2 protein chains.
Amino acid sequence: MTTPLFDRMAVIGLGLVGSSLVRIARAKGLAKTIVAADASSSVRQQAEELKLCDEVFADAAQAASGADLVVLATPVGVMGTVAADIAPHLSAGAILTDVGSVKEAVVKSVGPHMPKGVHFIPGHPIAGTEQSGPGAGFAELFDGRWCILTPLEGTDEAALAKLTEFWNSCGSQVELMEEKHHDLVLAITSHVPHLIAYNIVGTAADLEGVTQQEVIKYSAGGFRDFTRIAASDPTMWRDVFLSNKDAVLEMLGRFSEDLTALQRAIRWGDGEALHKLFTHTRDIRRGIIDAGQETDEPDFGRRHDLEDGE
Amino acid sequence: MTTPLFDRMAVIGLGLVGSSLVRIARAKGLAKTIVAADASSSVRQQAEELKLCDEVFADAAQAASGADLVVLATPVGVMGTVAADIAPHLSAGAILTDVGSVKEAVVKSVGPHMPKGVHFIPGHPIAGTEQSGPGAGFAELFDGRWCILTPLEGTDEAALAKLTEFWNSCGSQVELMEEKHHDLVLAITSHVPHLIAYNIVGTAADLEGVTQQEVIKYSAGGFRDFTRIAASDPTMWRDVFLSNKDAVLEMLGRFSEDLTALQRAIRWGDGEALHKLFTHTRDIRRGIIDAGQETDEPDFGRRHDLEDGE
């Protein structure tokens with residue numbers, strides 16, 4: 001147990017990330033009191049059943065009231081509204097942060113509501129699974145991952161240090177970044193990959209020459225790898241694409257350009273160009289494994305046993 | 001141990017799939033003698049060290065000579081040449097099959113070399129990992145997977161039944177398919193997914209606004225899922241794209257069309273269209289898990305422990 005960093009921590013939104021934060025904060029004793037709010041009654045009920053935290057409110061303002069750490073963990077599309085609701089109830093000296101996958105839009109939608117004396121420090125833990133809801137969270141989600149903070153000009157150093165300590169205690173390393181750059185980096189490392197995964201799963205579902213049953217049966221040929229992230233939360237991801245439009249369209253443009261070149265190489269039988277790319281891409285995976293961001297077990301460590309099947 | 005189905009089984013090419021076949025055949029006693037051939041001396045040396053089979057030859061014809069089961073497990077681009085080399089040495093009544101990811105091209109390149117009396121039955125086990133070489137193979141690779149056979153008109157029923165029994169003994173269920181249809185199904189379930197994965201990893205490696213180090217660091221946002229299949233064997237995959245050109249270009253056309261529609265939805269802020277697709281795609285993953293072709297552990301069952309990190 002660490003000495004509590006905060007007296008009252010309020011997490012707004014108890015999805016995968018919000019509920020994981022509550023779990024790790026409790027496990028590590030990072031706040032004396034931990035409360036949460038969620039707009040969905042079924043989520044609140046689940047949270048009560050799981051005994052996730054000290055109190056769960058329907059009203060975000062009630063949760064945030066008196067808190068010295070408030071974490072917005074809702075889809076980014078509603079963060080502005082939530083911020084407006086809770087703003088009058090925020091204590092002077094409180095830190096307000098978020099876990100949204102887009103940062104410039106959050107700065108624009110949340111920032112203007114922040115009262116003087118509240119330390120608004122946008123953030124984004126690079127962690128998640130394809131599952132959603134309070135039951136899907138777990139305390140180890142942030143362990144060994146990176147958390148990007150995008151502090152605004154003039155951010156209080158002590159508040160930033162305290163929030164950094166909080167994330168370190170969750171198991172993450174903190175990196176500081178300008179919000180526009182964050183959005184560009186995440187467009188290629190997260191947003192476009194999700195879009196492409198959603199897209200190919202959609203394409204495969206709507207073919208007339210190949211049945212959906214065939215797609216499912218023979219998915220072990222590679223397709224199934226894409227279905228994992230294409231099972232991610234639809235509302236969260238709709239908001240991401242709508243609020244990081246420019247960077248996503250920019251990166252998508254690059255992707256399509258490169259894909260057209262590959263298509264042309266196939267059409268003209270340019271085996272050398274294909275082989276060159278296919279060799280190059282192996283190095284990146286090696287780098288990711290070496291950086292501790294991926295398991296090095298083949299086939300994602302999927303089970304292959306004769307006894308049990310998969 | 002089963003009664004041996006074959007007297008002498010010869011596997012040409014000791015990569016991931018060839019070496020896995022040798023392992024399972026030995027483990028299950030599917031052939032009295034198991035021999036192999038590989039053109040690479042380092043592969044042959046590894047195979048000797050691993051004691052994979054009874055004998056390993058440099059010359060495919062020597063391995064195939066006297067065999068009643070010959071399995072071509074080389075990249076599809078060289079199967080025609082190998083078939084021409086071994087044809088004069090094939091015994092009457094022998095079954096010759098292959099494990100290539102493309103079937104029409106193999107029928108065209110291998111078929112004409114087959115002597116009368118040899119049963120040529122093209123095949124494709126839908127199984128693999130991103131790793132290559134004789135050290136990467138394992139006996140359980142085919143367990144719980146599908147193996148597609150594409151018998152030609154007039155194929156001997158007894159030979160087909162025997163080859164089916166062989167694959168069943170390896171743990172796979174056999175499905176029969178026309179070779180053209182196989183190539184279309186695999187284009188969407190395997191070939192285009194690999195192409196897209198190679199492509200996005202290539203795009204990410206060559207950006208000027210985002211460094212390769214950033215791509216690696218923040219890959220847990222989704223990108224790393226793509227790097228697995230983008231680490232697959234370059235030569236094998238070059239050959240797949242060159243020899244399944246028509247089906248790949250057809251499916252790639254569909255994919256790009258759908259992606260352009262998504263791009264347009266993002267540009268025009270059509271959240272409803274995005275949400276609709278993102279909800280639809282969840283069902284397919286559910287179907288794949290229910291069909292036993294994917295693990296249902298979140299995040300591919302990647303380890304998340306506080307003690308060891310990942």
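**Stop 1: a helix and its end**

Select B:G269, which comes after helix α11 of chain B and has a positive phi, near 65 degrees. (Helices here are DSSP runs of H or I, at least four residues, numbered from the N terminus.) Before going on: this is a predicted model, where local features need pLDDT of at least 70, side-chain atom pairs count only at pLDDT 80 or more, and totals for chains, interfaces and linings use all residues. Residues are numbered from 1 along each chain as its sequence is written, while chains are lettered from A and ligands numbered from 1 in the order in which they are written.

Now select residues 245-267 of chain B, which is α11 itself. At 1.5 Å a residue, counted for one less than the number of residues, its 23 residues should span 33 Å, and the end C-alpha atoms are 32 Å apart, which agrees.

Next, colour the buried residues of α11(B), among them B:M251, B:F255 and B:I266. Buried means that 20 or more other C-beta atoms, placed from the backbone, lie within 10 Å of the residue's own. What do the buried residues of α11(B) pack against? In chain A, show α7 (179-205), α10 (234-243) and α11 (245-267); in chain B, show α7 (179-205), α10 (234-243) and α12 (271-290).

**Stop 2: both chains**

Note on methods: Helices (H or I, at least four residues) and strands (E, at least two) are DSSP runs, numbered from the N terminus. A residue is buried if 20 or more other C-beta atoms lie within 10 Å of its own, exposed if 12 or fewer, and partly exposed in between; C-beta atoms are placed from the backbone. Two residues are in contact if their C-beta atoms, placed from the backbone, lie within 7 Å.
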